Amino acid sequence: MWRDPGTPADSYYEVRAECTDVPKTHFRIKAGKTLSVRKWQAAFSPEGYLDIGRTLSRIQHGGVHPSIRGEVWEFLLGCYDPQSTSEERDQLRKKRRDQYAKWKEECKQMFPLIGSGRFITAPIISEDGRAVQDPIVLLQMNPTAGAIVPTNTMSTDSVPVITDKREIEWKLTLHQIGLDVARTDRTLVFFEKQENLSKLWDILAVYAWKDKDVGYCQAMSDLCSPMIILLEDEADAFWCFERLMHRLRGNFQHTDRSVGVEAQLGHLASITQVVDPKLHQHLETLGGGDYLFAVRMIMVLFRREFSFGDSLYLWEMMWALEYHPDLFSIYEEAESAGDAAGGAKGKPKSSRQCGKFERENMRNGGNATEAPLPISIFLVASVLKEKSSTLLQEARGLDDVVKILNDLTGNLDAKKACSGAVKLHKKYLKKAKKA
């Protein structure tokens, strides 16, 4: 939703005064480079069609003005088609808000705390489907009730039993969502308000119910938090998060044999082996050939390595770099078919409609049967390569590797990181092609 462009850029994610050890945001609005309110408005035709090529170029050079971030992200993440009119987007927005309200009401019928402005942090159900009569839950459910009912006042025979497996699994995740929400971005003034925390909990709870295959996993709260801050309407924030999860949900999927993020770690190992074989060999010697030390960077897209403001700047540059104009249609088709993975990208009428990273994939033979590697993997590889000499000289064990990478927190430059990732991607494609 539209924010007042006169508001200071950092006010939407202001850090609490007592949090003195939080990394400072280095992102600064640069006239002529940052996508401004005026440039954003000028990118639309009178009917509402967006010149996405010109917009991507501006974002890739200087990010997005904070006052319009939410709106711009909706396009970058595929919520809307740049070739749609303003009227078509208004109709789609209403349809999505209605759909979210329907899912939320469905969840509320199963657990009344949804949409109440509160959330829970204790288990509410056992694995056999019995409601847990926990005093903490009872107090969180009704904080004005006064006396807390002891756990032994109800016999187990009188406790209702749920038999629907999906509902049991969903309710088992609610307290974990609550625990994660309670510690997500608590350095920000925005999350001092209970209503904002509960909004985050509601969105994650509804998403966990909607996504039958993945549900909720830790780290999703870190990915959803910025959407709550940037988009005033809860339903709009939900759909922005839902589109982001189209890209990332594979990282959270797991089977009896493997976890989704392992595939990304495998790609990271392959890239490092190609672009920096000495470093790869050193990491293998230390027992880090599985690259598990990079899990956090991949799962939460560098949220912990950058300040909050810089991580948003990094995200929008990443999404602009790997943008493809088919995103909207792919996600809409997937939504209709109940397939979160989506279909294949077609060939755009002009490569100018694609981000720089995506254009490089197209030039190097990317096709509909092969999903290109995400830029996030090359970002991690770029960081490792930049720290290659330090890792080779100082890392004598995996603890040293983790410490060296942890020392990066707050010291990374978002634009430089993206530039390094693009260069490394180009280098990797050339070497891989020769091999």
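User: Why is Leu301 called buried in this model?

Analyst: In this predicted model, Leu301 has a relative accessible area of 2%, and since a residue counts as buried when that value is under 20%, Leu301 is called buried. Leu301 lies in the loop between α12 (295-299) and α13 (308-321).

User: What makes the phi of Leu301 worth a remark?

Analyst: Most residues other than glycine have a negative phi. Leu301, although it is not a glycine, has a positive phi of about 50°, and Phe302, which is not a glycine either, has a positive phi of about 65°. Phe302 also lies in the loop between α12 and α13, and because its relative accessibility is 2%, Phe302 counts as buried.

User: How do you know that Arg296 and Glu305 form a salt bridge?

Analyst: A salt bridge asks for a side-chain nitrogen of Lys or Arg within 4 Å of a carboxyl oxygen of Asp or Glu, and the closest N and O atoms of Arg296 and Glu305 are 2.7 Å apart, so the pair meets the condition.

User: Why are Asp236 and Arg97 said to link distant parts of the chain?

Analyst: Their side chains meet in a salt bridge, with 2.7 Å from N to O. Asp236 belongs to helix α9 (residues 234-252) and Arg97 to helix α4 (residues 86-110), and the two are 139 residues apart, so the pair is said to join distant parts of the chain. Asp236 and Arg97 are also members of a network of salt bridges that includes Glu74, Asp90, Arg93 and Asp233.

User: Is Asp236 buried or partly exposed, and what about Arg97?

Analyst: Asp236 has a relative accessible area of 4%, which is under the 20% limit, so Asp236 is buried. Arg97, at 27%, falls between the limits of 20% and 50%, and therefore Arg97 is called partly exposed.

User: What makes Glu322 buried while Arg247 counts as partly exposed?

Analyst: The side chains of Arg247 and Glu322 meet in a salt bridge of 3.0 Å, N to O, and this pair connects helix α9, where Arg247 sits, with the loop between α13 and α14 (327-337), where Glu322 sits. Glu322 has a relative accessibility of 16%, which is under 20%, so Glu322 counts as buried; Arg247, at 23%, lies between 20% and 50% and therefore counts as partly exposed.

User: How do you know that Val206 is buried, and which residues does Val206 touch?

Analyst: The relative accessibility of Val206 is 0%, and because buried means under 20%, Val206 counts as buried. Val206 is found in helix α7 (residues 194-210), and, not counting residues up to four places away in sequence, Val206 touches Tyr100, Trp103, Lys104, Cys107 and Phe238.

User: Why can Lys426 belong to a patch of positive charge on the surface?

Analyst: Patch residues need over 30% relative accessible area and no salt bridge, and Lys426, which is partly exposed, has 39%, so Lys426 passes the area condition. Lys426 is found in helix α19, and helix α19 (residues 414-434) gives the largest share of the patch, 6 residues. Among the other members are Lys356, Lys423 and Lys434.

How values were computed. Residues are numbered from 1 along each chain as its sequence is written. This is a predicted model: local features need pLDDT of at least 70, side-chain atom pairs count only at pLDDT 80 or more; totals for chains, interfaces and linings use all residues. Side-chain values use heavy atoms; hydrogens and water are left out. Patches are made of residues with over 30% relative accessible area and no salt bridge: like charges are joined within 9 Å, nonpolar side chains (Val, Leu, Ile, Met, Phe, Trp, Tyr) within 5 Å. Accessible areas come from the Shrake-Rupley method with a 1.4 Å probe; for residues, only the protein chains shown count as cover. Lys and Arg count as positive and Asp and Glu as negative; His and the chain ends are not counted. The place of a charge is taken as NZ of Lys, CZ of Arg, CG of Asp or CD of Glu. Helices (H or I, at least four residues) and strands (E, at least two) are DSSP runs, numbered from the N terminus. Buried means under 20% relative accessible area, exposed over 50%, partly exposed in between (1.4 Å probe, protein chains only). Contact means heavy atoms within 4.5 Å.
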